[in-house]
Amino acid sequence: MTGEIRVDNLQVSFNGETILDHVSFQANPGEMFAIIGPNGAGKSTLLKTILGLIRPQGGHVSLEGETGKPIVGYVPQSRTIDDETPIQAGDFVSLGLKVRIIPWMSPSERRSVKRAMEMTHTLHLAKKPIGKLSGGERQRVFLAQALVRAPDILLLDESTANLDPNAQEQMMQLIKSVCHEHKVTVLFISHDLHLVKEYADRALFMSRGHYETGGVNHVMDNKAMEWLYHSTDHEKLGRRGLFEMDREHKTGYF
Ligand SMILES: Nc1ncnc2c1ncn2[C@@H]1O[C@H](COP(=O)(O)OP(=O)(O)OP(=O)(O)O)[C@@H](O)[C@H]1O
């Protein structure tokens, strides 16, 4: 099925330290799939391995595309953009097409850039230097770049971190509508358990070699989460989820 992601027994180590220890899961087209777990659990490593940026020591990743190879959009966890970066937001989005420089874009490529910027409500920012955009505006432009090739699979590494609550909701609504309307498989990492509960269909919880996959309610109500947070009352977690609990409890678990 186009956009299907299958991860089987994935193993990744760095300098002899096991980071991913036989991880397996499947995510399907039109599904919002969250990856949750404490800092250092290996969430970003998992996304990078799925992207082919990290070579696993064992296991297998299979991504299904319409013509064999799927189109994958990726928003990495951090992107340093200098305030003085001279590139305009519209040109930055078009770099996602991996085409020649902007004046040589075809009409259909121009339309794709325009469409991605319309979808992310960034068209009015097209002529602004990217370095001058606010944090939230940049996040939307990053998403536009990831969407510009109409991906089958969208991998988002904390792409709503640093956004205010309204902007987070808007961004997640947008991602969800893309996911459902275009049957995109969305894997998103988030520390915000409220957003996860609201937007994820299924989730993978990972922590120190323990993995739990399933419906988002099942994963978030299971014993591992209870142990992790010392509570099943997720309302107590506040919007910042893990970060709040980390500060409050200082269990040393992390
Ligand atoms: N290229 C690398 N070389 C060595 N160690 C690495 C490398 N990449 C990641 N690690 C280590 O792997 C572990 C998992 O890192 P990763 O970034 O995947 O965690 P994470 O779950 O995404 O954490 P966070 O929630 O803090 O973003 C960390 O201990 C990190 O230091």
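I took axes as lines fitted to C-alpha atoms, for helices over the stretch in contact, with angles running from 0 to 180 degrees between N-to-C directions. The model is a predicted one, in which I required pLDDT of at least 70 for local features and 80 or more for side-chain atom pairs, while totals for chains, interfaces and linings use all residues. Residues are numbered from 1 along each chain as its sequence is written.

**Helix 4**

I looked up helix 4, residues 135–147, and found 13 residues reaching 19 Å from first C-alpha to last, close to the 18 Å expected at 1.5 Å a residue; the expected span is 1.5 Å times one less than the number of residues. Helices here are DSSP runs of H or I with at least four residues, strands are runs of E with at least two, and both are numbered from the N terminus.

I then checked burial, counting a residue as buried if 20 or more other C-beta atoms, placed from the backbone, lie within 10 Å of its own, as exposed if 12 or fewer do, and as partly exposed in between. Ten of the 13 residues of helix 4 are buried, so helix 4 is largely enclosed by the rest of the structure. Among the buried residues are Arg138, Phe142 and Leu147. The buried residues pack against strand 5 (72–75), helix 2 (89–94), helix 3 (107–119), strand 6 (153–157) and helix 5 (165–181), where contact means C-beta atoms, placed from the backbone, within 7 Å.

**Helix 4 against helix 5**

I noted that the two axes come within 11 Å and cross at roughly 10 degrees. Gly136, Gln139, Arg140, Leu143 and Leu147 of helix 4 make the contact with Ala167, Met171 and Val178 of helix 5.

I also looked up Gln170, which is found in helix 5 and is partly exposed, with 17 other C-beta atoms within 10 Å.

Most residues other than glycine have a negative phi. His121 lies in the loop between helix 3 and helix 4 and counts as partly exposed, with 14 C-beta neighbours inside 10 Å. Ala150, also not a glycine, has a positive phi of about 50 degrees; I found Ala150 in the loop between helix 4 and strand 6, partly exposed with 13 C-beta neighbours inside 10 Å.

Key. Two residues are in contact if their C-beta atoms, placed from the backbone, lie within 7 Å.
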